[in-house]
Amino acid sequence: MILVKYLGHACFQLEKDNLTFLFDPFLSGNPLAPITAEEADADYIFVSHAHADHLGDTYHIAARTGATVITTAEIASECKNRGLNAHAMHVGGKHTFPFGYVRVTPAFHGSGIPGGHACGFIVNFNGFTVYFAGDTSLFSDMKLLGEIEKIDLFLVPIGGNFTMDLDDAVHAVRLAAPATVIPCHFNTWPVIAADPADFCDKVTKTTSSRCLVLTPGAGVEF
Ligand code: NI
Ligand code: MN
């Protein structure tokens, strides 16, 4: 059993086997966040890139909880400079952790840190595979990722302007072919306004994936 909770914007909390995982913990200053950074718990924190709406409260939460930050080398260095636990990876890299293995995927987007690269993550939690796309454009190698990993859950941005919009995200779903998709990175601000019901309608009509919309604070079990 894995519990997936949406904490608004691109932040997700996953719980499995008494471990808590945070993805892109932007809580302070996030108008959609259902909890504060002080209330957040984590054993591992995944950070896709260093823009403020993704790196967010990572340093603060990692310092308080002792969580290990799994991220690209440049951001991991920043963590280590602050005395935090971090595991440096990079695009194309794969590593096995006690909870399963992590593959760092490409994401076409700014890194927010000198010399860095934005990324996404495919995490195989000992059999349940989550693809967190990160901030990215649509790219055809999502099809390749869907072929080499059987994706159970795809967490995909739909808000446009900085990332794919919902129509591009529907194509991404078709390429990655996940069992289930949950949209994110929309409606935090007017510039990324999007209708998740429209997204799910298009996913349902044009792909074989199931689409779920989580309101911030809501969760779903797999
Ligand atoms: Ni970004
Ligand atoms: Mn973003």
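Predicted model: local features only at pLDDT ≥ 70, side-chain atom pairs only at ≥ 80, totals over all residues.
The secondary structure of the chain comprises 6 helices and 14 strands. The C-alpha trace extends over about 50 × 35 × 35 Å along its principal axes. Buried residues make up 55% of the 222 in the chain. Among contacts with a separation of 6 or more, 55% are between residues 24 or more positions apart.

The accessible surface of the chain is about 8600 Å², and carbon and sulfur atoms contribute 52% of this area. Charged side chains number 13 positive and 23 negative, with the centres of the two sets 6 Å apart.

A search of the whole structure returned 1 disulfide. This bond links C200 to C211, with an S to S distance of 2.0 Å. The disulfide is left-handed, because the torsion about its S-S bond is about -60°. C200 belongs to helix α6 (residues 196-206) and C211 to strand β13 (residues 210-211), so the pair ties together parts 11 residues apart in sequence. Both C200 and C211 are buried.

C79, in contrast, takes part in no disulfide; the nearest cysteine sulfur, that of C119, lies 12 Å away. C79 is buried, and its relative accessible area is 0%. C184 is likewise in no disulfide, and the nearest cysteine sulfur, which belongs to C11, is 9.9 Å away. C184 is buried, with a relative accessible area of 3%.

Technical notes. Residues numbered from 1 in each chain as written. Chains lettered and ligands numbered in written order. Heavy atoms only, no water. Helix = DSSP H or I, 4+ residues; strand = E, 2+ residues; numbered from the N terminus. Buried < 20%, exposed > 50% of the residue type's maximum accessible area, 1.4 Å probe, protein only. Contact = heavy atoms within 4.5 Å. Areas by Shrake-Rupley, 256 points an atom, 1.4 Å probe, with all protein chains shown as cover. Lys, Arg positive; Asp, Glu negative; His and termini not counted. Charge placed at Lys NZ, Arg CZ, Asp CG, Glu CD. Disulfide = S-S within 2.5 Å.
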